Structures are given as C-alpha cells and as structure tokens.
Amino acid sequence: MAEILKIDDISVSYGSIRALSDVSMSIDEGAIVSLIGANGAGKSTLLNAIVGLQPLKTGSITFAGETICQSKHHGSLTTDLIARRGIALVPEGRHVFADMTVEENLDMGAFMVKDQSVIEKRKDEMYDFFPILGARRKQKTRSLSGGEQQMMAIARALMSAPRLLLLDEPGLGLAPLIVQDIFSKIRIINEENKVTVFLVEQNARLALRSSSYGYVLENGRIVLEDKGSALLMNERVQKAYLGA
Ligand SMILES: Nc1ncnc2c1ncn2[C@@H]1O[C@H](COP(=O)(O)OP(=O)(O)O)[C@@H](O)[C@H]1O
Ligand SMILES: [Mg+2]
C-alpha cells in the first residue's frame with residue numbers, strides 16, 4: 001500500500017512546555033490507524049499539527065508526496081490549504097455550531113466546494129448514511145444528543161470529501177452503545193468510501209480492534225507501534241490501556 005501521510009521527527013512546544021518530541025509515523029492509504037495514549041500525552045496536539053494548527057519546532061509532515069508542514073514557517077501550508085489538499089479533522093469535543101441547524105453545519109463543511117449541486121448531492125448522501133441527521137436537518141444543533149452531534153461533526157468533515165479523516169476521541173463522553181455505533185460508521189466510511197482514517201481514542205480496545213496499525217504515545221513520545229492485533233496482545237498495552 002502507498003503511504004499517504006508521513007510524519008518525520010516532529011516536535012511541538014507550547015512556550016517552554018514540550019508537548020511532542022521526535023514523533024515519526026507513517027500511514028498507508030486506505031488504512032485505519034489509531035493512536036492511543038493517556039490524557040495529556042499529546043494526541044490532540046499531534047492531530048492539530050497535521051492540519052497546520054500547531055507550528056512545528058522540528059521535523060516535517062508530508063501528505064500524498066507533498067510537504068504540508070515543516071519547522072521553517074515559509075515551508076508550511078495554511079490550515080485552509082491543507083483542508084483543500086484532502087485532510088479533514090473532527091476535533092475533540094466536536095466543536096459544532098450549536099446555534100446553526102444540522103444543514104447549515106454541513107454546508108460549512110463544504111466551504112471549499114463551489115458547485116451547489118455537488119453540495120446538495122453530498123448532503124443527501126450524509127442524510128442517507130446518518131438517517132437521524134436527515135430527520136433533524138432543520139433543527140438547531142444544540143437540540144441533538146451528544147452522539148448525534150458527533151455523527152454530525154463526522155458528516156461535516158466528510159462534506160469536503162477528504163482522502164484522510166482525522167478523528168479526535170469520537171467516543172468521548174458517549175454511552176458505550178453509541179460509541180459502537182459511531183465506530184461501525186467509521187469502518188464503513190473507510191471500507192466503502194475509501195477514506196484513510198487516523199483515529200485518536202482513549203477507548204484503546206475498540207480503537208485497536210478497528211485498526212490495522214497503531215501507535216502508543218506517552219509524554220509526547222511514540223513508545224510502541226505495531227499491528228492493531230499485536231498491540232491488543234502486548235502486555236504493556238494491556239496493563240496501561242486495556243485494564244487487564
Ligand atoms: N494551548 C495549550 N497551551 C499550553 N499547554 C497545552 C496547550 N494545549 C495542550 N497543552 C499541554 O500539552 C500536553 C498535551 O496536550 P494534548 O495534546 O491536549 O493531550 P491529549 O490530547 O493526549 O490529552 C499537555 O501537557 C497539555 O497540558
Ligand atoms: Mg486530546
């Protein structure tokens with residue numbers, strides 16, 4: 001499989017606080033890859049760096065053969081251009097526009113699409129895929145449940161027809177059955193729509209079961225990487241993340 005995302009030795013700091021140190025990763029096109037790690041490990045920082053929201057102290061990030069982020073500022077693309085290249089982020093905590101309707105939120109996700117008929121077609125696809133969103137399309141987002149809002153945040157990201165979907169803790173704060181439902185949607189998006197998925201999740205078991213490959217982040221460093229099935233069997237992972 002061809003590599004779609006390459007993270008090469010990146011470091012990120014907030015002032016004097018080092019959040020990521022010498023992180024390197026590779027994601028193959030078509031894969032689901034997960035990143036697991038405790039609270040504060042640097043997971044959100046990594047996703048934000050990929051979409052250009054965090055400047056790099058060192059290293060570089062390459063997407064589909066093009067350098068999109070590097071420590072030299074002039075060599076990086078803006079967040080807007082990175083989105084146009086085909087990377088969409090569903091941020092932690094969803095960041096939906098609560099006072100806008102479901103439909104208006106989806107329109108926002110298609111900001112880079114000029115052709116209105118394409119936007120309408122994609123919205124119809126989203127309403128087919130997430131029927132609850134179709135039923136609620138004229139409702140304000142704040143009236144949706146947490147799970148429905150997460151589905152809407154994913155649908156909004158898909159409105160840009162990304163090649164790579166970044167998901168920051170899609171299960172956070174949701175009931176186990178809802179999380180299962182969201183993960184089954186993520187697998188369908190990956191298999192049927194051929195979207196590469198990079199997933200950050202505290203529910204390590206579910207994440208690794210869904211992933212062909214995984215990375216473990218501790219204190220801003222990658223300490224382990226392997227096939228998802230191998231990490232599930234790994235003693236250190238079981239002790240620290242699987243409650244075994
Ligand atoms: N805006 C910020 N300013 C200062 N420190 C931050 C900021 N965001 C995150 N951090 C720190 O960076 C580290 C990594 O945070 P984060 O990437 O949010 O971790 P995770 O998503 O794995 O919980 C933590 O120590 C956190 O306190
Ligand atoms: Mg986070």
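Because the model is predicted, local features need pLDDT of at least 70 and side-chain atom pairs count only at pLDDT 80 or more, while totals for chains, interfaces and linings use all residues. Residues are numbered from 1 along each chain as its sequence is written, and chains are lettered from A and ligands numbered from 1 in the order in which they are written.

Ligand 1 is surrounded by Y14, I17, A19, G37, N39, G40, A41, G42, K43, S44 and T45, a residue being near the ligand if its C-beta atom, placed from the backbone, lies within 6 Å of it. Two or more residues of this shell are given by each of β2 (17–28) and α1 (43–50), where helices (H or I, at least four residues) and strands (E, at least two) are DSSP runs numbered from the N terminus. The most is given by α1, with 3 residues. The shell around ligand 1 comprises 4 nonpolar, 6 polar and 1 charged residues, with Ala, Val, Leu, Ile, Met, Phe, Trp, Tyr, Cys and Pro counted as nonpolar, Asp, Glu, Lys and Arg as charged, and the others, Gly among them, as polar.

The protein is assigned domain 1 (1–86 + 163–244) and domain 2 (94–161), the bounds coming from an automatic or database domain assignment. The C-alpha centres of domain 1 and domain 2 lie 24 Å apart. Their contact takes 10 residues from domain 1 and 9 residues from domain 2, two residues being in contact if their C-beta atoms, placed from the backbone, lie within 7 Å. On the side of domain 1 that touches domain 2, α2 (79–85) and α7 (176–193) are the elements that give two or more residues, and the largest share, 4 residues, comes from α7.
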